[in-house]
Amino acid sequence: MEQNREKSYRMGQLALGLVLMLLIISAAVVITLNFRPLYYWEMDRMDLDQVSGLSQEQIRRNYDVLIDYNNFWGPNTLEFPDLPMSEGGRIHFEEVKRVFLFFEYMVPVTLVLAVAGVAWFRRRRQFRYLKYAALLTVLVPLAAGLAIAVNWDQAFVLFHEVVFRNDLWIFNASTDPVITILPDTFFLHCAVMILVLVVLGSALCGAIYGRKSRGMAEKAENQSKSVD
């Protein structure tokens, strides 16, 4: 009976670790999506006004419209104020929005599950789920970071081929000039930011687990001494 309960606890903590992993990854994606200063810095650094022929004010305005569209509270249709868009481009951005919506809705769902799971295991003074979360979460940046380090261009293409299953993401600047204000380097920096946030989330889980483990070990040692 005791063994079955311990096995159930281990499985439950592993499941909670997976939930925390999904929460950390989803939150990292959503935070990066909405961290507009990264793009504004990129805009100045890469002289996108000269590349695109638009003013910095126009670039910023069109980028803000794109980011608003990709949030669940944004408009249902995308209309750039200063740029034309082909039907293929419109379809691709609709697909992109569905990807971001997946992560945006994943955040509150996993947050509720995580809070409930953490509260349940905390009452039972079990914290191994933090160890599982730290280990599982760090696998993502390790795998993605390795792919990016080996060949960013190939990783970028592979990601699009897997996620979108069509070639609409290959934009023609003459029909979809928005591509001139969205350089590959910007997407690389977004990927790096996501990976950094995921690593920080993993490290936080590991640090909390280490602190809890040391605290419980010290308490057990003190109780043992008091009995002696």
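**Helices, salt bridges and surface patches of a predicted chain**

From the N terminus on, the chain runs α-α-α-α-α-α-α-α. The model is a predicted one, in which local features need pLDDT of at least 70, side-chain atom pairs count only at pLDDT 80 or more, and totals for chains, interfaces and linings use all residues. Residues are numbered from 1 along each chain as its sequence is written, and side-chain values use heavy atoms, with hydrogens and water left out. The secondary structure comes to eight helices and zero strands. Helices here are DSSP runs (H or I, at least four residues), as are strands (E, at least two), and both are numbered from the N terminus.

The overall dimensions were computed next. The C-alpha atoms fill a box of roughly 80 × 30 × 30 Å, taken along the principal axes. The radius of gyration of the chain is 23 Å, whereas a compact globule of 228 residues would have a value near 17 Å. This radius is taken over C-alpha atoms, and the globule rule is 2.2 Å times the number of residues to the power 0.38. Of the 228 residues, 36% are buried. Buried means under 20% relative accessible area, exposed means over 50%, and partly exposed lies in between (1.4 Å probe, protein chains only). The areas come from the Shrake-Rupley method with a 1.4 Å probe, and for residues only the protein chains shown count as cover.

Helix α2 spans residues 36-45. Its buried residues are R36, L38, Y39, Y40, E42 and M43. A salt bridge joins the side chains of R45 and E42, at 2.6 Å from N to O. Both residues lie in helix α2, three residues apart, about one turn of the helix. E42 counts as buried because its relative accessibility is 0%. R45 has a relative accessible area of 42%, so R45 is partly exposed. Just after α2, D47 takes a positive phi of about 50 degrees.

The structure holds six salt bridges. A salt bridge is a side-chain nitrogen of Lys or Arg within 4 Å of a carboxyl oxygen of Asp or Glu. R61 takes part in a salt bridge with E57, at 3.8 Å from N to O. E57 and R61 are separated by about one helical turn because they are four residues apart in helix α4 (residues 56-69). E57 is exposed, at 60% relative accessibility. R61 is partly exposed, at 33%. R61 also forms a salt bridge with D82, with the closest N and O atoms 2.9 Å apart. This pair links distant parts of the chain: R61 is in helix α4 and D82 is in the loop between α4 and α5, 21 residues apart. D82 is partly exposed, with a relative accessible area of 27%. Elsewhere, R36, D64 and D68 are linked in a network of salt bridges.

Patches are made of residues with over 30% relative accessible area and no salt bridge; like charges are joined within 9 Å, and nonpolar side chains (Val, Leu, Ile, Met, Phe, Trp, Tyr) within 5 Å. Lys and Arg count as positive and Asp and Glu as negative, while His and the chain ends are not counted. The place of a charge is taken as NZ of Lys, CZ of Arg, CG of Asp or CD of Glu. R122, R125, R211, K212 and R214 form a positive patch. Its largest share, three residues, comes from helix α8 (residues 184-227). R211 lies in helix α8. R211 is exposed, with a relative accessible area of 66%. A nonpolar patch of about 350 Å² is made by L158, F159, V162 and V163. V162 has its place in helix α7 (residues 152-164).

Backbone angles were considered in the loops. Most residues other than glycine have a negative phi. R125 has a positive phi, near 55 degrees. R125 sits in the loop between α5 (87-123) and α6 (128-150). At 44% relative accessibility, R125 counts as partly exposed. R165 also has a positive phi, near 55 degrees, and lies in the loop between α7 and α8. R165 counts as exposed because its relative accessibility is 66%.

A191 counts as buried because its relative accessibility is 17%. The C-alpha atoms of A191 and M106 are separated by 19 Å, and the two residues are 85 residues apart along the chain.
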